[in-house]
Amino acid sequence: MDNNPNKQASEKTNEGQNQRPNNSNRQGNPNRRPNPHRSNTTAEQGTNNTQTNNTQASNPQTTNTRDTNRKPNPNRKPQPNRNYNNANDKKDTQSPQNNRRPNPNQKKPNPNQKKPNNQNKGGGKGRKKNAPTNVSDEMKASILKNKEIQEARMNPWKQIDIASKGRVRFTPLGGLGEIGGNIAVLETETTAIIIDVGMSFPDESMHGVDILVPDFSYLQAIKEKIQAIVITHAHEDHIGAVPYLFKELKFPIYGTPLALAMIENKFNEHGLQKDTSYFRFVSKREQYTIGDFKVEWMHMTHSIIDACSLAIETPAGTLVHTGDFKIDHTPIDGYTADLQRFAHYGAKGVLCLFSDSTNSYKPGFTKSEAVVGNTFDTLYMLAKGRMIMSTFSSNVHRIYQAMDRGIKHGRKICVIGRSMERNVEVTRALGYVDIPDKYFIEPHEINKYADHEVLIVTTGSQGEDMAALFRMATNEHRHIKLKPSDTIIISAKAIPGNEGSVSRMMNHIVKTGATVRYQDFADIHVSGHAAQEEQKLILRLVQPKFFLPVHGEYNHIAQHAKTAVKCGVNERNILLMSDGDQVEITPKYLKKVKTVKTGKTFIDNQNNREIHDDVIIDRQKLASDGIVNVMLQISKQTHKMISKPVVTIHGVIPEKQTRKFTEEITVMIENFLINAKPDQVISAKTVENEVRLMVRKHVIRTKKLYPIIIPTIFYV
Ligand SMILES: [Zn+2]
């Protein structure tokens, strides 16, 4: 472990950051801006030394001379003036203030830089022989002081006590290397907290599996020190597995009201009503002491209301976990992300940032949820008949916007679909959605209204074949049958893996003649996850020493790491983790220390029960290679077949080949029984084993298949 690269890395960090022209060393030089002055001063150089010095000290061009020593700065285009323009510049390069580290802010104001340079070009040409700039001691001192201030500001984590013996361990048990299923453990020697307990969805090979729940064996192993479950927000991939955990282990659950209300619904379905006594409702901007940790929930914008990021003070230093997030400056409820708290912790020094990587490839900003409302307006205006809007049932603001605009366009609202009905009910009860009862109608009342007076809000935006929209599209819904005048809005994007089912559902809808509004319509859906510029904003506000990109597949977190490097995090202070990796974080280092057991438990939603692994393996075998049954009676005395074996085969050969196949098996068994050694036929069991082997070899040889083989032998 001593030669752990991460450790070395982190120790080097301090040096490294002092040596290399790191962006983070300095800051926006306000003097820089008034570039126009620059040319003026240049012009005055001969007459007013002080002023000239001033300008040059703060002059982008002065520092520009040092560009050769720097990492290439693509933004610094307007260099030409520098090199051949002004003899003074060259001298300036040697002057002490020019040994300053490059100013990171120079990068930004490129557009501004161009102008002054151009101006300078004109102004400077005739003044090549100007006297060298004098730099007063006062000036030098001021420059030095500002430099120090900027360095401290850009590396606030340096305030963390490096000598501290505090250490924490972080272990994601789900959510890395996959989308969804988020669960992680944060622990010290004596305290552990679980951050989110999410579920994920199966792939097509997991026959009959509805949801996947994380393997809790590591939690079992450390249960003595687990003091809390800490919930960031109410999405299924963050709370969906809580009831399954509670059937094994129970701990206090800390969360905001909506998250706990959603968990309560689940507890009701699972017969865990009494366990609501474990709920601990949190207030944002307050710290909760949980063992060795102090946890604060910071309000965050996302595609569900009441979402939070976490600031966790630990013996090693402060950790910030974004949870799922986007930075929406115009959220529907007006509550923007609590960036002030991020800045607050950032300024005090954050040891490690954990941040959502879902959209790390997306450049720019994720659009505000508000834009979807405008799209709804347009679509309502275009629609002649009924409007059917489908989205994720948890996206309450989306649902609210559809309803609110619908009402303005004179429509009554009918909510259809179990999870949608439940979520609308809960959020109305909690006061998050304020729409009077009079606007709601029941499914059986729809026909009492003209088509243009109806808005149906429903589930099934992922093409789920059990959901309401799919059943409407396939004419299986009790109350709603699609008709050509209907407009269906799918205000969602297919989650990776669901594209096929969404497309299949679209086919059904289009066949009914109805109009579908999906991704071809701009701003019909916006993501709930941060794009690169928002990820950068968080990185800059927090400016952590260490960075762990979380929530995403490997390529997503790797991309997020690149963004972090651009934002001043030392590349060596970033780790790309997989589920089960346990990292130790101390003020000195971040390193992987071990791997713990992780995995998924398969759940059948019909009964909320586990499906064991071997069942799934059997189902996979059945689906891909079929099954062969061989039933046979053998005489105890003679060890001969009493009658021909009964062979039933499914999924291996066509029906018409069954007879031939049975004959082949029969001959094989007859030969076997004639030549068998006594111990091979000592019992029905031993014969079954032999028959299984024979049939298996035969099928592999002739069909290249590995079916399930079930011999049943009776000794009579
Ligand atoms: Zn989420």
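**A zinc site, an enclosed strand and a nonpolar patch**

Histidine 233 is buried, because its relative accessibility is 0%, under the 20% cut-off for that class. This value, like those that follow, comes from a predicted model.

The protein donors of the zinc ion are His233 through NE2, His235 through ND1, His302 through NE2 and Asp324 through OD, at 2.1 to 2.3 Å from the ion. Along the sequence, these donor residues follow the spacing H-x1-H-x66-H-x21-D. Histidine 233 sits in the loop between strand E5 (226-230) and helix H10 (236-239), and aspartate 324 in the loop between strand E11 (317-321) and helix H13 (339-348), so the pair ties together parts that are 91 residues apart in sequence. As for geometry, the angles among the 4 donor atoms run from 92 to 160°, and the site is irregular. A tetrahedral assignment would need all angles to lie between 85 and 135 degrees, so the value of 160° rules that class out.

E5 runs parallel to E3, and 4 bridges join the two. On its other pairing, E3 runs antiparallel to strand E2 (residues 183-187), with 5 bridges between them. E2 and E3 form a hairpin, with 4 residues between the strands. Isoleucine 195 of E3 takes part in both pairings: its bridge partner in one is alanine 184, and in the other it is valine 230 of E5. Strand E3 (residues 192-197) is largely enclosed by the rest of the structure, because 6 of its 6 residues are buried.

Met631, Ile642, Val646, Phe714 and Val716 make a nonpolar surface patch of about 430 Å². One of these residues, methionine 631, has its place in strand E23 (residues 627-634). Methionine 631 counts as partly exposed because its relative accessibility is 39%, between the 20% and 50% limits.

Leucine 622 is found in helix H21 (residues 613-625). With a relative accessible area of 40%, leucine 622 is partly exposed. Leucine 622 and histidine 650 are 28 residues apart in sequence, and their C-alpha atoms are 8.6 Å apart in space.

Note on methods. Residues are numbered from 1 along each chain as its sequence is written. This is a predicted model: local features need pLDDT of at least 70, side-chain atom pairs count only at pLDDT 80 or more; totals for chains, interfaces and linings use all residues. Side-chain values use heavy atoms; hydrogens and water are left out. Patches are made of residues with over 30% relative accessible area and no salt bridge: like charges are joined within 9 Å, nonpolar side chains (Val, Leu, Ile, Met, Phe, Trp, Tyr) within 5 Å. Accessible areas come from the Shrake-Rupley method with a 1.4 Å probe; for residues, only the protein chains shown count as cover. A salt bridge is a side-chain nitrogen of Lys or Arg within 4 Å of a carboxyl oxygen of Asp or Glu. Buried means under 20% relative accessible area, exposed over 50%, partly exposed in between (1.4 Å probe, protein chains only). Donors are N, O and S atoms within 2.8 Å of the metal (3.2 Å for Na, K and Ca); water is not among the atoms, so sites may look incomplete. Four donors count as tetrahedral if all angles lie between 85 and 135 degrees; four count as square planar and six as octahedral if opposite donors are over 155 degrees apart and all others between 65 and 115; anything else is irregular. Two strands pair if DSSP finds at least two bridges between them.
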